[in-house]
Amino acid sequence: MVTKGMAKAPAREKWLIFLDTNIMLDFYRLPGESAARQLAGIVRHKDSFIVTEQVRMEFLKNRQKVILEGMKNITKPVEQRLPMIVADSKPAKALVNSIKGAVEKQKKVSEKLQQILNDPARYDVVYRSLVKLFDHNSDQNLKRPQVKRFTIRNLAKKRFILGYPPRKSNDTSIGDAINWEWIIDCAKNSRDHHNILIVSRD
């Protein structure tokens, strides 16, 4: 109820969010707690996200590559050949023990990454969280077996052939165009006139 003469509070803006695949893959590059916190927020508000089967496939295709890149950065600690004159000293013995401990820890970290790579449903928090988003049934999730995906695909083909953005000069697929046409469709058909937020590096 509004009292006569009282200013009406402005309507709260509503948003739909589209996350580019590269942003999703960046969760593998964030500190664990930070990634888990942000992913939990995405899952909690999954009704607000625009999702396509295209993004899902791109994420699944590239997650292994990102994890393997991280594994390459982990180098095995090198054992030191200490001068014999100091080999029996306390600092030298402490150094040798520290290196042995580091070797064991490096091995465990590599094993953990291998588990994340090979059994994502059990060990990969990024994968588990984003699958909840990809599998969620909402008006903004374009996935199989929805018939509308064929309409969006045809619009994307037309956009690609005409050279309309978003399109990089070396693009050979209509992936970006599919995402763009679906974003437009979600905006046009939003009953609550949502604003659209696109999170991307482009």
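**Rings, a helix pair and a histidine**

The structure holds two aromatic pairs. This is a predicted model, where local features need pLDDT of at least 70, side-chain atom pairs count only at pLDDT 80 or more, and totals for chains, interfaces and linings use all residues. Residues are numbered from 1 along each chain as its sequence is written, and side-chain values use heavy atoms, with hydrogens and water left out.

Me: Why is the pair of tyrosine 28 and phenylalanine 59 called stacked?
Reply: Ring centres of Phe, Tyr and Trp (its six-membered ring) have to lie within 6.5 Å to pair; planes under 30 degrees apart are stacked, over 60 edge-to-face, the rest tilted. Tyrosine 28 and phenylalanine 59 sit 6.3 Å centre to centre with 10 degrees between the planes, so they pair and count as stacked.

Me: What makes phenylalanine 59 and phenylalanine 134 a tilted pair?
Reply: These two rings are 5.9 Å apart, centre to centre, with 50 degrees between the planes, so they fall in the tilted class. Phenylalanine 59 is in helix α3 and phenylalanine 134 in helix α6, so this pair ties together parts 75 residues apart in sequence. Tyr28, Phe59 and Phe134 end up linked into a cluster by ring pairs.

Me: Why does phenylalanine 59 count as buried?
Reply: Buried is under 20% relative accessible area, exposed over 50%, partly exposed in between (1.4 Å probe, protein chains only). Phenylalanine 59 comes in at 0%, so it's buried. Phenylalanine 134, with 1%, is buried too.

Me: And what about histidine 136, why is that one buried?
Reply: Histidine 136 has 17% relative accessibility, so it makes the buried class as well. You'll find histidine 136 in the loop between α6 (125-135) and β3 (141-142). Leaving out residues up to four places away in sequence, histidine 136 touches Lys46, Asp47, Asn141 and Lys143, a contact being heavy atoms within 4.5 Å.

Me: How do you know that α2 and α6 are roughly parallel?
Reply: Their angle is about 15 degrees, with the axes 9 Å apart. Angles under 35 degrees count as roughly parallel, over 145 as roughly antiparallel, 65 to 115 as roughly perpendicular and the rest as oblique. So α2 and α6 are roughly parallel.

Conventions: Helices (H or I, at least four residues) and strands (E, at least two) are DSSP runs, numbered from the N terminus. Axes are lines fitted to C-alpha atoms, for helices over the stretch in contact, and angles run from 0 to 180 degrees between N-to-C directions.
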